[in-house]
Amino acid sequence: MAASSWLALGPIGTGALGMLVMGGDARTVFVAHGLASVGKVVAGVGVIVGTLFWGLGPVVDGPGYALITVRYFKAGIEFNLGWWAFTFPLGVYALATLAGVDPATWLLRHVSAWCWSPCWR
């Protein structure tokens, strides 16, 4: 249960990654079709919505899932095939974070650094 409860974060992370990638490529695509002003708007929307999705998952779902996981680890959770469930949510959040590290997404870069700073102490 501890590992599989994290699966719900996967689609949110995938949505964040998709929006950030769409925002990054929107200008190039719309300029090629003669709609440069629309490309700027879509790029901004992609970055804003991607950043909101990126922040939504850990803030809303993270504390509850972390408490479930801590409870199971304290009870002595053993390794099982369900542990693959950690890879999908963590993988897409890592990719979304890397996609968001762009000069246009300075907010995501600073928020991610702030969120992870307690881990480095």
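A96 is found in helix α4 (helices, H or I with at least four residues, and strands, E with at least two, are DSSP runs numbered from the N terminus). With a relative accessibility of 0%, A96 counts as buried (under 20% relative accessible area is buried, over 50% exposed, and in between partly exposed, with a 1.4 Å probe and protein chains only). Along the chain A96 lies 81 residues from G15, yet the C-alpha atoms of the two are separated by 8.9 Å.

The model is predicted, so local features need pLDDT of at least 70 and side-chain atom pairs count only at pLDDT 80 or more, whereas totals for chains, interfaces and linings use all residues. Residues are numbered from 1 along each chain as its sequence is written, and side-chain values use heavy atoms, with hydrogens and water left out.

## The chain as a whole

The protein chain has 5 helices and 0 strands. Read from the N terminus on, its elements follow the order α-α-α-α-α. The chain has 121 residues, of which 30% count as buried. Among contacts between residues at least 6 apart in sequence, 76% join residues at least 24 apart (a contact means heavy atoms within 4.5 Å).

## Helix α1 against helix α4

Helix α1 covers residues 9-32 and helix α4 covers residues 87-100; their axes come within 8 Å and cross at roughly 20° (axes are lines fitted to C-alpha atoms, for helices over the stretch in contact, and angles run from 0 to 180 degrees between N-to-C directions). α1 and α4 are therefore roughly parallel to each other (angles under 35 degrees count as roughly parallel, over 145 as roughly antiparallel, 65 to 115 as roughly perpendicular, and the rest as oblique). The crossing of α1 past α4 is left-handed (the near helix is turned anticlockwise from the far one by less than a right angle; clockwise would be right-handed).

On the α1 side, the contact is made by L9, G10, P11, I12, G13, T14, A16, L17 and L20. On the α4 side, F88, P89, V92, Y93, L95, A96, A99 and G100 make the contact. Sorted by class, this contact of α1 with α4 has 13 nonpolar, 4 polar and no charged residues (Ala, Val, Leu, Ile, Met, Phe, Trp, Tyr, Cys and Pro count as nonpolar, Asp, Glu, Lys and Arg as charged, and the others, Gly among them, as polar).

## Helix α1 against helix α2

α1 also packs with helix α2, which covers residues 36-60, at an angle of about 165° and with the axes 7 Å apart. That angle makes α1 roughly antiparallel to α2. The crossing of α1 and α2 is left-handed. The contact of α1 with α2 has 20 nonpolar, 7 polar and 2 charged residues.

## The nonpolar core

In soluble globular proteins, nonpolar side chains tend to be buried together. Here the largest nonpolar core has 11 residues: W6, L9, I12, A16, L20, W54, Y65, F86, V92, Y93 and A96 (a nonpolar core is a set of buried Ala, Val, Leu, Ile, Met, Phe, Trp, Tyr and Cys residues joined through side-chain atoms within 4.5 Å). The elements that give two or more residues to this core are α1 and α4. α1 gives the most, with 4 residues.

With a relative accessible area of 0%, G100 is buried. G100 and V21 are 79 residues apart along the chain, and their C-alpha atoms are separated by 8.4 Å.

W84 is found in the loop between α3 (62-74) and α4. W84 is exposed, with a relative accessible area of 52%. W84 and L7 are 77 residues apart in sequence, while C-alpha to C-alpha they are 9.8 Å apart in space.
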